[in-house]
Amino acid sequence: MKILIVEDEPQMLNNMKQTLELEHYTVETAEDFDQAASKISNYEYDCILLDINLPDGNGLELLNNLKDMGKTEGVIIVSARNSLDDRIEGLNKGADDYLAKPFHMAELHARVKAVLRRRNFEGNKTIKLGDVEVEPESRSVSVNGQPIALNRKEYDILSYLITNRARLVTKAALAEHVWGDHIDQADSFDFIYSQIKNLRKKLENSSIAIDAVYGIGYKLDVNA
């Protein structure tokens, strides 16, 4: 899962980033309104942690931007401004949750997990596709009840394909979502091919398959 942290306090930003990376999230950051607006416009995220009081703008305006662009990222407002009016305005603009500073990092992680579960997995703790079962919180995968060992990137690829199983996923979208926006600097997608090849081999006896659409990307196929 990929998270954007919009926060102008360096120490708070670093603490949040380190905490979430320890939980195996792909984390990107923005320290002001303009950086956040650019990232939101150019990339997709599963969850955005959004400070309201930014040095060059009001974070609540970013919620308007998301709505105008038709994006559906989960949003948790993280701010020291704890007035009821701010909370109501943020929720009315489409935020999923509101976390007032100061807070424990364990609570932040719990809130993120809850939003991701509601947004990406319809509130379920376990996802079943045919004979494949995925538990997002433990990042475990099993086929016919037998666990299979996936490395971090293999799991991230499978999770992203499951989340987007109703549509074709382009190679660029997959690479950017799993590896982060620095993927723009890559010369090719050879690293994706390698991970996909390994993942297919591990799932070859399951009811799901990763179909390649030549020159475009991948689509998850589930055989009941």
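In which direction, left-handed or right-handed, does α2 pass α3 in their crossing? The crossing is right-handed, a label used when the near helix is turned clockwise from the far one by less than a right angle, with anticlockwise being left-handed.

Before we look further, note that this is a predicted model, where local features need pLDDT of at least 70, side-chain atom pairs count only at pLDDT 80 or more, and totals for chains, interfaces and linings use all residues. Residues are numbered from 1 along each chain as its sequence is written, and side-chain values use heavy atoms, leaving out hydrogens and water.

## Two helix pairs

Helices here are DSSP runs of H or I with at least four residues, and strands are runs of E with at least two, numbered from the N terminus. Axes are lines fitted to C-alpha atoms over the stretch in contact, with angles from 0 to 180 degrees between N-to-C directions.

| Pair | Angle | Axes |
|---|---|---|
| α2 (residues 33-42) and α3 (residues 60-68) | about 15 degrees | 11 Å apart |
| α6 and α8 (residues 190-202) | roughly 80 degrees | within 10 Å |

Angles under 35 degrees count as roughly parallel, over 145 as roughly antiparallel, 65 to 115 as roughly perpendicular and the rest as oblique. That is why α2 and α3 are roughly parallel, while α6 and α8 are roughly perpendicular.

Which residues of α6 and α8 meet? K153, E154, I157 and L158 in α6 touch Q195, I196, N198, L199 and K202 in α8, where contact means heavy atoms within 4.5 Å. This contact has 4 nonpolar, 2 polar and 3 charged residues. Here Ala, Val, Leu, Ile, Met, Phe, Trp, Tyr, Cys and Pro are nonpolar, Asp, Glu, Lys and Arg are charged, and the others, Gly among them, are polar.

In the other pair, F33, A36, A37 and I40 of α2 meet E61, L62, N65 and L66 of α3. That contact divides into 6 nonpolar, 1 polar and 1 charged.

## Two spots in loops

The peptide bond from K101 to P102 is cis, with omega near -5 degrees. You can find P102 in the loop between β7 (97-100) and α5 (105-121). Another residue to look up is H24, in the loop between α1 (10-22) and β2 (26-30). H24 is not a glycine, yet its phi is positive, near 75 degrees.
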